[in-house]
Each structure stands twice: as C-alpha cells, then as structure tokens.
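Dear colleague,

Please find below the structure that I am handing over to you. My notes on it follow directly after.

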Amino acid sequence: MRLYGVTVNGERKNLFVELDKAREIKAAVVGQGGKAATFKHSAEEIRIRDAKEAEDQFFDLGMKYYIAARSSAVQIGLMPVCGNLLSSRCRDVFEDRPVPKLFSE
Amino acid sequence: MFLKTGLCRNYSLSDLGSPKKFGHCLPKLWKAFNADFASTTLRQFDTVIPTLQRWKDIRYPDKVLREGAVMEVVWVENTFPTFPIAESKSPPRYQVNGKELDKFVITTFAILQKSSVKYRYIVNNNAALREILTRYNADVEQIWA
C-alpha cells in the first residue's frame with residue numbers, strides 16, 4: 001500500500017492519503033503562498049499507524065464486551081463466555097446459595 | 001479483546017485472527033501477552049485463563065449432551081472446594097467468576113495504561129447502568145471513577 005503525507009512550511013504532516021489527495025493538498029498550500037512537498041510514508045510508518053488503530057479498535061470492543069457481559073450477568077445471569085451464552089442463576093455475595101443449571105443424562 | 005489490544009503492538013492483525021497462531025485460543029493469547037508485558041501481577045490469572053478456555057469446548061451442545069454440565073456465574077472468591085456435589089459423580093463444572101474478571105480488566109488496564117473516557121462518560125451519566133457495573137465489587141469503581 002502506498003500512502004503519502006505532505007510537508008507544509010517545513011512541518012511534516014502524516015496524512016496517510018493517496019498520492020492524488022496529497023498533491024491536491026500540496027497545490028492548495030502552494031496556492032496560498034506556502035511551501036509544500038509530498039512524501040511517501042514508509043512501510044514501518046504504515047505498520048505503526050495500523051497497529052495503533054487496531055489497538056484502539058480492540059480496546060473499544062473489549063469495553064463493549066465487558067459492559068454487555070457484566071450487566072447481563074448481574075441482571076439476568078446470562079454471561080457470554082467463549083462463544084457460549086451461559087445461563088445460570090447468579091450466586092452472589094448476598095444470596096450465597098448455589099442454584100446451577102444442570103444438564104445430565 | 002483486551003489481550004489483543006496489547007498484542008497488536010507486536011503482532012499483525014492476520015496473526016491475531018489466524019486460528020493456527022492465535023484465533024480465539026486464550027492460552028496462546030495469554031502466553032504471548034505475558035511475554036510482551038512481563039509483570040508479576042499477571043501471574044494471578046494463570047489459573048483463570050484455562051477455566052475460561054474450557055467454555056470453548058461446549059460451544060456446541062454435543063459434549064454437554066454426552067457428559068452433562070454444571071454452569072454458574074459467581075461473585076464470591078473461588079467456590080470450587082465448597083460445591084456440595086461430589087466431584088466424582090457430578091458432571092463437568094463450568095464456572096465464571098465475575099470478581100476475577102473485574103480484577104482481570106483492572107489489571108490489564110494498568111498494564112496497557114488504558115482507560116476509556118468515552119465509556120466512563122456513558123456509564124457516569126446512567127446511574128442504573130453504573131450501579132449494575134459496580135454491584136458486588138467495590139474495587140471496580142476505579143474503572144469508572
């Protein structure tokens with residue numbers, strides 16, 4: 001993947017855009033009397049950018065799962081675990097009474 | 001997802017999604033996470049991960065139909081030794097400990113140096129939701145404070 005940024009008046013702007021878009025930005029800056037040049041992002045820069053975005057996405061998904069799982073477990077004893085939707089009565093600190101759901105032959 | 005949050009710093013998305021490399025295998029993810037973020041605070045979860053992984057074996061009902069299962073969510077410390085049914089005669093037991101999962105989330109946040117401004121805002125503007133997300137465990141307040 002080839003992605004580009006623009007140096008504007010000596011300041012590097014990491015834009016990660018297509019070349020046409022980078023050229024468009026460069027032309028706009030030059031048109032306003034500034035100095036601009038396009039540059040190609042390195043593979044390492046793109047990898048770091050992608051990793052950061054993935055990290056944010058995984059964290060956001062983790063928060064969603066945690067909130068959904070905990071609230072569901074507390075309210076109705078349903079907790080998603082590794083693809084299961086565990087159905088069980090809660091055994092809590094106020095009602096320390098095990099009422100497991102049993103499946104047996 | 002929280003383990004993959006940390007792992008994607010050093011592993012590609014294709015590695016994290018590959019069943020051969022990681023996929024949904026918690027022990028593999030846990031081993032790599034421990035290698036990347038060496039911390040003694042993680043040791044306390046070494047027994048939690050296999051407990052959760054067992055749930056993957058019963059995603060489809062065949063094993064449950066064959067062997068039976070005892071499934072429960074608990075909010076107290078480890079209750080395995082006090083369970084009243086004799087282990088030898090009882091079906092396999094599958095348990096999720098809510099307090100341990102809370103502790104796991106708190107610990108990984110500290111390791112990853114993460115917090116969620118967005119969800120903190122949402123939770124703190126919904127009193128009913130906040131109560132549910134902190135019930136049974138005062139320690140979890142720190143996530144939303």
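A residue is called buried here if 20 or more other C-beta atoms lie within 10 Å of its own, exposed if 12 or fewer do, and partly exposed in between, with the C-beta atoms placed from the backbone. By this count A:Phe16, with 16 other C-beta atoms within 10 Å, is partly exposed.

Please note that this is a predicted model, in which local features need pLDDT of at least 70 and side-chain atom pairs count only at pLDDT 80 or more, while totals for chains, interfaces and linings use all residues. Residues are numbered from 1 along each chain as its sequence is written, and chains are lettered from A and ligands numbered from 1 in the order in which they are written.

Chain A

Chain A contains two helices and seven strands; helices (H or I, at least four residues) and strands (E, at least two) are DSSP runs, numbered from the N terminus. Along the sequence the pattern is β-β-α-β-α-β-β-β-β. Of its 105 residues, 21% count as buried. Residues 24 or more positions apart supply 31% of the chain A contacts with a separation of 6 or more, where a contact means that the C-beta atoms of two residues, placed from the backbone, lie within 7 Å.

Three strands of chain A form an open sheet in the order S2-S1-S3, with antiparallel pairing; two strands pair if DSSP finds at least two bridges between them. Strands S2 (11–17) and S3 (36–40) of chain A are at the edges and have a single partner strand each, so one side of each is left without a neighbour in the sheet. Strand S1 (residues 4–8) of chain A is joined to S2(A) by four bridges, and the two run antiparallel. Within this pairing, A:Val6 stands opposite A:Lys13 of S2(A). Strand S2 of chain A also holds A:Phe16. Most residues other than glycine have a negative phi. A:Phe16, although not a glycine, has a positive phi of about 50 degrees.

Helix H1 (residues 19–31) of chain A has 13 residues and reaches 18 Å from its first C-alpha to its last, close to the 18 Å expected at 1.5 Å a residue. The expected span of a helix is taken as 1.5 Å times one less than its number of residues. Just after H1(A), A:Gly33 takes a positive phi of about 90 degrees.

The buried residues of H2(A) include A:Phe58, A:Phe59, A:Tyr66 and A:Arg70. A:Ser72 also belongs to this helix, H2 (residues 43–76) of chain A. With 17 C-beta neighbours inside 10 Å, A:Ser72 counts as partly exposed. Apart from its neighbours within four places in sequence, A:Ser72 is in contact with A:Leu78 and A:Met79. A:Ser72 and A:Leu15 are 57 residues apart in sequence, and their C-alpha atoms are 41 Å apart in space. H2(A) is followed by A:Gly77, whose phi is positive, near 70 degrees.

Chain B

Chain B has nine helices and two strands, which run α-α-α-α-α-β-β-α-α-α-α from the N terminus on. Its C-alpha atoms fill a box of roughly 50 × 40 × 30 Å along the principal axes. Of the 145 residues of chain B, 24% count as buried. Residues 24 or more positions apart account for 55% of the contacts in chain B with a separation of 6 or more.

Chain B is divided into domain 1 (2–114) and domain 2 (115–145), with bounds that come from an automatic or database domain assignment. The C-alpha centres of domain 1 and domain 2 of chain B lie 23 Å apart. Nine residues from domain 1 of chain B and seven residues from domain 2 of chain B take part in the contact.

B:Gln113 lies in the loop between helix H6 (98–112) and helix H7 (117–124) of chain B. With 6 C-beta neighbours inside 10 Å, B:Gln113 counts as exposed. B:Gln113 has a positive phi of about 55 degrees although it is not a glycine.

B:Thr134 is found in helix H8 (residues 127–134) of chain B and is buried, with 20 other C-beta atoms within 10 Å. Leaving aside neighbours within four places in sequence, B:Thr134 is in contact with B:Val140, B:Glu141 and B:Trp144. B:Thr134 and B:Asp102 are 32 residues apart in sequence and 9.3 Å apart in space, C-alpha to C-alpha.

With kind regards
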